[in-house]
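Open the structure in your viewer and keep the selection tool at hand. The stops below go from the whole chain to single side chains.

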Amino acid sequence: MLFRSQLGEGGPQAGTLNPHLNPSDARALIAFLETRFGAKVLELHEHGGKVMNAVVMLGDSMVEMGESQRLPMSLVLRMQGVGQVCEIVIDPAGNEWRFDA
């Protein structure tokens, strides 16, 4: 889920599709995105030297990530009419699709 603190009140807005990546080395990926594409880190939370969650602005899109050795990618789709309940669908590749209001 995207941090609600990043939404509204003039802050970055969540788009319709927001990827959540699960790299084994989030700091290396963030450095690559900053250097190659000019990404900006909005939030970074660590525990025990591991990036638990980071939010990076890449152009006009937000990308979330948290380190994992095993998890596939997660995609968050923000859609009207879904309600407050988050629905999760796993595709054939094991990627997680979250439908959120």
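Colour the chain by secondary structure and follow it from the N terminus: the elements run β-α-β-β-β-β-β-β. That is 1 helix and 7 strands, where helices (H or I, at least four residues) and strands (E, at least two) are DSSP runs numbered from the N terminus. This is a predicted model, in which local features need pLDDT of at least 70 and side-chain atom pairs count only at pLDDT 80 or more, while totals for chains, interfaces and linings use all residues. Residues are numbered from 1 along each chain as its sequence is written, and side-chain values use heavy atoms, with hydrogens and water left out.

Next, show the surface. The accessible surface of the protein comes to about 6,300 Å², and 55% of it belongs to carbon and sulfur atoms; such areas come from the Shrake-Rupley method with a 1.4 Å probe, and for residues only the protein chains shown count as cover. Of the 101 residues in the protein, 31% are buried (buried means under 20% relative accessible area, exposed over 50%, partly exposed in between).

Select Glu43, in strand β2 (residues 40-47). Glu43 is buried, with a relative accessible area of 13%.

Move to Glu64, in strand β4 (residues 61-65). Is Glu64 buried or exposed? Glu64 is buried, with a relative accessible area of 2%. Draw a C-alpha to C-alpha distance from Glu64 to Val76: they are 12 residues apart in sequence and 9.7 Å apart in space.

Glu67 comes next, in the loop between β4 and β5 (74-78). Its side chain reaches the backbone nitrogen of Ala26 at 3.0 Å. Not counting residues up to four places away in sequence, Glu67 touches residues including Pro23, Arg27 and Val51, contact meaning heavy atoms within 4.5 Å.

End at the rings of Phe32 and Phe37, which form an edge-to-face aromatic pair, 5.8 Å centre to centre with 85 degrees between the planes. Rings of Phe, Tyr and Trp (its six-membered ring) pair if their centres lie within 6.5 Å; planes under 30 degrees apart count as stacked, over 60 as edge-to-face and the rest as tilted. Phe32 counts as partly exposed, at 45% relative accessibility.

Terms used: Buried means under 20% relative accessible area, exposed over 50%, partly exposed in between (1.4 Å probe, protein chains only). A polar contact is a pair of N or O atoms within 3.5 Å; within protein, one must be able to donate a hydrogen and the other to accept it, and residues adjacent in sequence count only if both atoms are side-chain atoms.
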